[in-house]
Amino acid sequence: MIREVLKMGDLRLLEKSQSVEAFGTPQLRELIADMRDTMAHLNGAGLAAPQIGVPLRVVIFGVTRNPRYPDAEEVSDTVLVNPVITPLGEEMEEDWEGCLSVPGMRGVVPRLKKVRYQGFDESGNRIDRSVEGFHARVVQHECDHLDGILYPMRMRDMAQFGFVEVLFPDQELRDE
Ligand code: NI
């Protein structure tokens, strides 16, 4: 079921989410199905449970030639529960980000270039990956939502924050 995505300004987006305690439950599967439906409907690259008002540590992401990120590399569809991110090195990279909770906007955000992420899929199987670049950026963005952090809160230069239609006038698809 497609759910409503909370927008920046909603205090629920600023809360710290709780760990999932039981895997393979109907409730968890339904949550993830709703997140998938909602992300696909809005053509997003990722979605965190608190964005649909569920304060649990669950994120999904995946990019297969997403028109919102025409130059982005592919990232396989992933469900990540109770994620832990470990920096691999100190190198940071800046790039444009958008967020379904900040519709119509883009901003330049510094992120760690390389990270390791660990967690579980919806059945409780372990996930442990070391990634870099866009994949690393997406994971950091989504996991930030679980700690109540939206990407504008990570920005260093608010001069690099604006409306998609102004920043990228040739981009055809919008995120609303
Ligand atoms: Ni987001």
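1. A salt bridge is here a side-chain nitrogen of Lys or Arg within 4 Å of a carboxyl oxygen of Asp or Glu. By that criterion, a search of the whole structure, which is a predicted model, finds 12 salt bridges.

2. Are the two partners buried or exposed? Aspartate 144 has a relative accessible area of 8% and is therefore buried, the limit being under 20%. Arginine 111, at 4% relative accessibility, also counts as buried.

3. Aspartate 144 has a further partner in arginine 154, with a distance of 2.8 Å from N to O. Because aspartate 144 lies in helix α2 and arginine 154 in the loop between α2 and β8 (161-163), the pair joins parts that are 10 residues apart in sequence. Arginine 154 counts as partly exposed, at 37% relative accessibility.

4. Both of these salt bridges should be read together with a network. Glu97, Arg111, Arg137, Asp144 and Arg154 are its members, linked by salt bridges.

5. Another salt bridge joins arginine 116 to aspartate 128, and here the closest N and O atoms are 2.6 Å apart. Arginine 116 is in strand β6 and aspartate 128 in strand β7, 12 residues apart, and the pair links distant parts of the chain. The relative accessibility of arginine 116 is 31%, which counts as partly exposed. Aspartate 128 is likewise partly exposed, at 46%.

6. Turning to the nonpolar residues, the largest core has 18 residues, of which Val59, Phe61, Leu80 and Tyr117 touch the most other members. Two or more residues of this core come from each of β2 (58-63), β3 (75-87), β6 (114-120), β7 (126-132) and α2 (133-146). Which element gives the most to the core? Helix α2 does, with 6 residues.

7. Apart from neighbours within four places in sequence, leucine 80 is in contact with Arg57, Val58, Val59, Phe61, Tyr117, Gln118, Gly119, Phe120 and Ile127. There is also a second, separate core of 16 residues, and Leu31, Ile52, Val58 and Ile60 are among them.

Definitions and conventions:
Residues numbered from 1 in each chain as written. Predicted model: local features only at pLDDT ≥ 70, side-chain atom pairs only at ≥ 80, totals over all residues. Heavy atoms only, no water. Core = buried A, V, L, I, M, F, W, Y, C linked by side-chain atoms within 4.5 Å. Buried < 20%, exposed > 50% of the residue type's maximum accessible area, 1.4 Å probe, protein only. Helix = DSSP H or I, 4+ residues; strand = E, 2+ residues; numbered from the N terminus. Contact = heavy atoms within 4.5 Å.
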